[in-house]
Amino acid sequence: MLVHDTALIYGRYLRQSLRSRFALLFGVLMPLLYLLFFGPLLTDLPLGGAGSSWQMLVPGLLLQLGLFGASFAGFAIIVEKSQGVVERMRVTPVSRLALLLGRVLRDATVFVLQAVLLVLAALAMGLRAPLAGILIGFAFVALLTVSLASLSYALAMKLHTPGEFGPAVNALTMPMMLLSGLMLPMTLGPAWLDVLSHFVPFRYLVDAVRDAYVGSYASAHMAYGVLVALALTALAVTVGTRVFRTAGA
């Protein structure tokens, strides 16, 4: 029943997303602008990594796509709560876990599709990376989306207005972006900032995807990245499911 219920919820929201092709394209706009206007500035600069500047920048942009897109996914729940959609779903016998999984799997599908578009644009601009590394990057985008979207929906279930939700999400996502080394490796900064960044779980995902893009699949960064991504996903889905079971519509 969980698989059946999840498939129903997933199909409902995926159809909504696919009908809005305009939103799908604009969702990838910000990372694409970074790629077009920021990427060329890094060409031939010594960034301290094993790969080219594109192999450093594109993994960060992929995870930036998941970070900002999934973190703001909860806006949809706030709208649905105001229209009574969430309340009507909660009184049905559908699994509470399915109510969450259907949504976050839709989000993961959408952001992986956007990540594919971003990588295709990067390849046209000069990115060279092994296919296995690119696929691993997509897997990290999917895991990050599931975890952050779960937490975003959980937060939105506790709040009542977009005016409350937006500032709360910004207060969490901005430090994560600045301390994770999305744009540039944190090793380029002062030692204290590099040390501080290791307390941000997102940093380990960025390092792992960058290693994947240079073909280093058995590195310590990759191992830490996989462990952190799986642990964060499990924790976020657990928290999200509990909130869906207990929070009022």
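Student: Does Phe22 count as buried or exposed, and at what relative accessibility?

Tutor: Phe22 counts as exposed, because its relative accessibility is 62%; the cut-offs are under 20% relative accessible area for buried, over 50% for exposed, and partly exposed in between, with a 1.4 Å probe and protein chains only. Please keep in mind that this is a predicted model, in which local features need pLDDT of at least 70 and side-chain atom pairs count only at pLDDT 80 or more, while totals for chains, interfaces and linings use all residues. Residues are numbered from 1 along each chain as its sequence is written, and side-chain values use heavy atoms, leaving out hydrogens and water.

Student: Which helix is Phe22 in?

Tutor: Phe22 lies in helix α2, where helices are DSSP runs of H or I with at least four residues, strands are runs of E with at least two, and both are numbered from the N terminus.

Student: OK, and which secondary structure elements does the protein have overall?

Tutor: There are 12 helices and zero strands. The radius of gyration, taken over C-alpha atoms, is 18 Å, close to the 18 Å that the globule rule gives for 249 residues, so the protein is as compact as a globular protein of that length; that rule is 2.2 Å times the number of residues to the power 0.38.

Student: What share of the residues is buried?

Tutor: Of the 249 residues, 48% count as buried.

Student: Switching to Trp54: is that one buried or exposed?

Tutor: Trp54 counts as buried, because its relative accessibility is 9%, and this residue lies in helix α4, which covers residues 53-71.

Student: What does Trp54 touch?

Tutor: Leaving aside residues up to four places away in sequence, Trp54 touches Leu35, Gly39, Pro40, Pro59, Met125, Gly126 and Leu127, a contact being heavy atoms within 4.5 Å.

Student: And how far is the C-alpha atom of Trp54 from that of Arg210?

Tutor: Those two C-alpha atoms are separated by 9.9 Å, although Trp54 and Arg210 are 156 residues apart along the chain.
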